[in-house]
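Hi everyone, thanks for coming. Let me put the structure up on the screen, and then we can walk through it together.

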Amino acid sequence: MAKQKIYRMGEFAQRLGVSRDLIKYYEKHQILTPQREAGNQYRYYYHAQYPAILIGRKLQNTGHSLREIQHLLNEAAPDETASETAHQMARLERELRLKTLFLEKLKQLHPLQRQAAEGTFDGRWATGPRPALTFFPFSAYDRFLELDEADLDALAGWVDATPAADYCGLVRGGTLTYGFAIPQDQAQALELTGSGLVTLPPCQAFWYSMQSTRRPLNHEVGSEAEEIALQTAPALSKLAQLGLTGDEPICVYNLFESHAEGEFCYYQQVSIPLAE
């Protein structure tokens, strides 16, 4: 029987269209084992080892960790592979929901960004309906809320759901709370949970621009009233022009910001419950 052809790392990686670093990672995680010859430090790979690279890359591209890949290639029984496939299906379905929602948001945002780039956005509000929102609060204006272990675990899910879930401020009853908001049906589909969730009924959304000196993200806050005014004064002013009192719970978040001629311009959105 003819002896199998072997390759040095660089040639092996090149012939498979992958990087040398990937080969090294696969070695580290025991997905691939090189042959070493006495007297030198070179690593050699058999031609028959290439499927491990291609299968590993496929699994990696579908979201598997290197540890999971090593297990699936070397140890997994049929019931384990079936279980892992089901897990991957659920993970990919969630990822598709997130990306679909984010794509829709980008389609709504892009025309406004174009107007800002072309200087044609005149500050008048663009309005549109928004579905019922689910809000997960985790921070007051100057401190974290006390969350139990279950809610801290739930918070990790909300963070993973960004940017489909928006980081925003909620003004309700004169109190400012920070957290995440997402359409209620999406929160349910993504299984986003929490004991202190706030449900906002169907809303009307308004976009507007606000010019100001940029605050650093780690700025020191003043009183809660000052912080509410800083976050919502432009929004409340616009609401007053529309005959709205601001007593309704309102949700405010930044769409994006720009910097021109020494000034920062924030493009924000405020959502308020629709009148019944």
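Let's begin with two helices: the axes of α2 (residues 20–28) and α3 (residues 50–61) come within 12 Å and cross at roughly 90 degrees. The axes here are lines fitted to C-alpha atoms, for helices over the stretch in contact, with angles from 0 to 180 degrees between N-to-C directions. α2 and α3 are therefore roughly perpendicular to each other, a label that covers angles of 65 to 115 degrees. The contact (heavy atoms within 4.5 Å) is made by Leu22, Ile23 and Tyr26 on the α2 side, and by Ala52, Ile53, Gly56, Arg57 and Gln60 on the α3 side.

Before going on, a word on what we are looking at: this is a predicted model, where local features need pLDDT of at least 70 and side-chain atom pairs count only at pLDDT 80 or more, while totals for chains, interfaces and linings use all residues. Residues are numbered from 1 along each chain as its sequence is written, and side-chain values use heavy atoms, with hydrogens and water left out. Helices (H or I, at least four residues) and strands (E, at least two) are DSSP runs, numbered from the N terminus.

Next comes helix α5, residues 78–118. Its 41 residues should span 60 Å at 1.5 Å a residue, and the end C-alpha atoms are 58 Å apart, which agrees; the expected span is 1.5 Å times one less than the number of residues. Where does α5 have a kink? At leucine 109, shortly before proline 111, and the kink is about 30 degrees. That bend is the angle between axes fitted to the seven residues ending there and the seven starting there. Leu109 is also among the buried residues of α5, as are Glu84 and Gln88. Buried means under 20% relative accessible area, exposed over 50%, and partly exposed in between, with a 1.4 Å probe and protein chains only. Just after α5, glycine 119 takes a positive phi of about 70 degrees.

Now look at arginine 130, in strand β4 (residues 126–130). Is arginine 130 buried or exposed? At 16% relative accessibility, arginine 130 counts as buried. Beyond its neighbours within four places in sequence, its contacts include Asp166, Tyr253 and Gln269.

Finally, some backbone details. Most residues other than glycine have a negative phi, and most peptide bonds are trans. Glutamine 30 has a positive phi, near 60 degrees, and is exposed at 55% relative accessibility. The peptide bond from threonine 162 to proline 163 is cis, with omega near 5 degrees.

How values were computed
Parallel < 35°, antiparallel > 145°, perpendicular 65-115°, else oblique.
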